Amino acid sequence: DHRGEVEDLLQWGMASAARRLLGLAGGAPGSGDSGVGGNAGFDDLMAQIREKETEARAAEEARQAAERRLAQELARRKAEFDKQYAEYLEVVQSPHADEGMKRAAWKRITDAWGVKNAGVEPGSLTWGANGLLIVGPLAGGRVGETVTVDLGGGEKLEMVWISPGEFWMGSLENEEGRDSDEVRHRVRLTKGFWMGKTEVTQGQWQSIMRKNPSYFKNAGKNAPVEQVSWEDCQEFIRKLNAAVATDGHGLRFRLPTEAEWEYACRAGTETAIYTGSLTLRGANNGPELDPIAWYGGNSGVDYEGGYDSSGWPEKQYNHRQAGTHPVGQKAPNAWGLYDMLGNVWEWCSDWYGEYTGGEVTDPAGPRSGSCRVYRGGSWYDVARYGRSANRSWNVPGFRWYILGFRLASDSPSR
């Protein structure tokens, strides 16, 4: 007798499943007492199913209508914000505005939009998910300040200035998908630094090293280089610094520390990802990642040599092959950095170790260790690895087709 199961399904709002169970049980008109108690029982249950389906359709229509109203309101508010922010930028970027005028303009716009903990010094504001305003640095008085280093052969390397500051590193204990080594603690970075606008590409690697170790060569020269170890990255950096010694804007390239990496990734946010919260609907289904990151749920490719992803569970989008994608195709974070989450993991300079806890200044990791840190998740990984606080590590000689890097640099001019 399937009556109890059918009624449970109805209680849970699963009318379609109840309908299927009735069919499997043989409880259809003319079937006598088979399965669920004859025609009368069947008719009663079918009436309940139709009622539940009507209620579900009405609820879905109401939800969609609410989403449309919210989208319209957000669009209206964003248009208003864009107008006011343009007026603010005119003030702070004007050569005729003194520091008092710039601070006053910053206070006006942050007060008007209810931005908390904005500080007194002018900064940048970025419109994030659901209208969340993300505070960032106003580098050198210019939003999104960059320098470009010519590597020759048509390859250029763009670096973005990241101002010093403080942030919460790690994750809250209730963050979905967190690991135990993400202990949340306050970090102070006293020095600004330059950070690669994108991950190092195959073309950039080729221009310096004269070879391309990548598994996904068919992804193109603008896809991130991968299958490079931490030690390989050090060799690349040594040759790069030698190649641009006279025309590299005084930059001395290196890998970022783990703290610098997370600070730059978060770009002023404290949420799971740099656009807000992350909903884990399945192993490879974190829908908020889709606009900003290539991960296991959306990394399908059609070029020759893609990785077989046909068996991956719970994908956001169905795909049979996956791999890396050209850098810079997804939306950047508030500080103008692309692919900080997803595409390839990124080596950091630190040895891996547990966080010490408490407030720290300019941390550079343990003095020694056996494994180096990498951050950010990749095209291959499940959604929970694509969080700003997630950590991974391996021996310095380790190579894999999910692992690349991004450059950082101090600047003697700062």
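Why is helix α5 (residues 202-209) largely enclosed by the rest of the structure? In this predicted model, seven of the eight residues of the helix are buried, so the rest of the structure largely encloses α5.

View A. The buried residues are Q202, G203, Q204, W205, S207, I208 and M209. R210 follows the helix and has a positive phi, near 65°.

**View B. The open sheet β14-β13-β11-β15.** Four strands form this sheet, with mixed pairing. Strands β14 (391-394) and β15 stand at the edges with a single partner strand each, so one side of each has no neighbour in the sheet. On average, neighbouring strands are turned by 50° against each other, direction ignored. Strands β11 (residues 345-351) and β13 (residues 372-375) run antiparallel and are joined by three bridges; E346 has R375 of β13 as its bridge partner.

**View C. The aromatic pair Y215 and Y401.** The pair is tilted, at 5.0 Å centre to centre and 50° between the planes. Y215 lies in the loop between α5 and α6 and Y401 in the loop between β14 and β15, so the pair ties together parts 186 residues apart in sequence. Y215 is partly exposed at 40% relative accessibility, whereas Y401 is buried at 15%. Both belong to a cluster linked by ring pairs, whose members include F216, Y303 and W400.

**View D. The aromatic pair Y352 and W393.** The ring centres lie 3.9 Å apart with the planes at 15°, so the pair is stacked. Y352 is buried at 17% relative accessibility, and W393 is partly exposed at 35%.

Technical notes. Residues are numbered from 1 along each chain as its sequence is written. This is a predicted model: local features need pLDDT of at least 70, side-chain atom pairs count only at pLDDT 80 or more; totals for chains, interfaces and linings use all residues. Side-chain values use heavy atoms; hydrogens and water are left out. Buried means under 20% relative accessible area, exposed over 50%, partly exposed in between (1.4 Å probe, protein chains only). Helices (H or I, at least four residues) and strands (E, at least two) are DSSP runs, numbered from the N terminus. Two strands pair if DSSP finds at least two bridges between them. Axes are lines fitted to C-alpha atoms, for helices over the stretch in contact, and angles run from 0 to 180 degrees between N-to-C directions. Rings of Phe, Tyr and Trp (its six-membered ring) pair if their centres lie within 6.5 Å; planes under 30 degrees apart count as stacked, over 60 as edge-to-face and the rest as tilted.
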